[in-house]
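I'd like to walk you through one model, so let's get it up on the screen.

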Amino acid sequence: MSYSIIEIEVTQPLASISLSTKDTGIALILRRQERPIGFLMKALPASSQITPENLTQFIVEEAGTKILQESIREELTTFEHQIPLPSLTVAICTKDRPENLARCLQSLLNLQPSIWEWEILVIDNAPSDERTKKLVASFPKVRYVREAKPGLDFARNCALHSATGELLAYLDDDVIVDRKWLEGLMEAWAENPDAGAFTGLVLPYELATDAQILFEQRGGFRRGFEKIRYGQILPGNPLHPCGAGIFGAGCNMSLRRNILLKIGGFDEALDTGATLPGGGDLDIFYRVIRAGYPLVYEPKYLVFHQHRREYAQLRRQYWTWGLGFMAFVVKSYQSDPPQRSQLRRLVWWWFKDQLKQLKNSFRGRHVLPPNMILAELWGGIVGILGEYSRSLRRIEQIRRQFS
């Protein structure tokens, strides 16, 4: 299967859409005055022709209320840059993927940061060759730093200590930034200058395989199209802030550098590579909130992520989600005693929810097949049964090896 991704500016007349013989559906990115306001998917026969009238009906049915809300919001509010902008470092942590990195860097360099002092920093994490270093040398405006210790959070902390900016934006190498990415971050900062962290919308770069479509049908990395300011209390969510997955994704996040230093940087026993490839973003979001700082989600702060192309890769991703989540929970349980009762309730809720999803999947009422949900469930079991402690021991060995 393959879905054609099409951008629609809802203030402009709609045109007909013609699918190719390989396309089995469409994914629409809706914008109003360039601001992303919706993402719609629809399965269709190959070679379909979609008239403007049918397209209008689909958009109104699925996103009409949101379009009306945005129209009213636009009439009632204006965004004016009045708050001084901090200096910015954009850090891309990468390992042996120069093709992805080149695409990400080019998307950044295509931006026009006319009123923002910024730098781009590439952290080459335990590379097996010199390809990344040579690539970065071909971009004169990009700074290269090598971090020998393998592990994403080693690389993130290397960026923390190498950066010069007051605000530190982290990107994964498998994303490209939207043309309004910098404006989105600027807007989030201007509206929330007291925030400790910012996250943004993540949409698919492509929907070229069954696995990518399945992942996005389940929700992907999306956290919606509404601005959200998270504080110490979230009405209606008694588990806040322990359920840190709601805050955003680590592939597109920014943190105030002084606050990140104050709370000790990233936990290097999380996001360690193949053995524990997750949990670091959940942990840092949680710790920012627990330290008393707001965290802001801004949809205009948008990137496009290249999802896993193969079913086996997607199944492993769900396994790592369960593993990383429970490793984060165990770490938080050990390090944050006042939250222990809440964390116990979170674990109970998570396993109940996973079993409910599994039951629905067996009955054909869930977008994911049972093996995907079982993978996430099994990852959670492995995570809660000592994975964080095992990772701490592995990390100490790495530190000794490179000391």
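Which helix does arginine 156 lie in? Arginine 156 belongs to helix H4, which covers residues 152-162. Keep in mind that what you're looking at is a predicted model.

So, is arginine 156 buried or exposed? Its relative accessible area is 4%, and since under 20% counts as buried, arginine 156 is buried. If we skip its neighbours within four places in sequence, arginine 156 touches several residues, including Cys93, Tyr170, Phe266, Asp271 and Asp281.

Hold on to Tyr170, please. The largest nonpolar core here has 55 residues, and Tyr170 and Leu255 are the ones with the most contacts inside it. Helix H8, residues 280-290, gives the most to this core, with six residues. In general, nonpolar side chains tend to be buried together in soluble globular proteins.

What about leucine 255? Again leaving out neighbours within four places in sequence, leucine 255 is in contact with Tyr170, Phe266, Ile284 and Val288, among others. There's also a second, separate core of 45 residues, with Val177, Phe215, Leu358 and Met372 among them.

Back to H8. H8 packs with helix H9, residues 311-335, at an angle of about 40°, and their axes are 9 Å apart. That angle is why we call H8 oblique to H9. Who makes the contact? From H8 it's Leu282, Asp283, Tyr286 and Arg287, and from H9 it's Phe325, Phe328, Lys331 and Ser332. Sorted by class, that's four nonpolar, one polar and three charged residues. And the crossing of H8 past H9 is right-handed.

Conventions: Residues are numbered from 1 along each chain as its sequence is written. This is a predicted model: local features need pLDDT of at least 70, side-chain atom pairs count only at pLDDT 80 or more; totals for chains, interfaces and linings use all residues. Side-chain values use heavy atoms; hydrogens and water are left out. A nonpolar core is a set of buried Ala, Val, Leu, Ile, Met, Phe, Trp, Tyr and Cys residues joined through side-chain atoms within 4.5 Å. Buried means under 20% relative accessible area, exposed over 50%, partly exposed in between (1.4 Å probe, protein chains only). Helices (H or I, at least four residues) and strands (E, at least two) are DSSP runs, numbered from the N terminus. Contact means heavy atoms within 4.5 Å. Axes are lines fitted to C-alpha atoms, for helices over the stretch in contact, and angles run from 0 to 180 degrees between N-to-C directions. Angles under 35 degrees count as roughly parallel, over 145 as roughly antiparallel, 65 to 115 as roughly perpendicular and the rest as oblique. A crossing is left-handed if the near helix is turned anticlockwise from the far one by less than a right angle, and right-handed if clockwise. Ala, Val, Leu, Ile, Met, Phe, Trp, Tyr, Cys and Pro count as nonpolar, Asp, Glu, Lys and Arg as charged, and the others, Gly among them, as polar.
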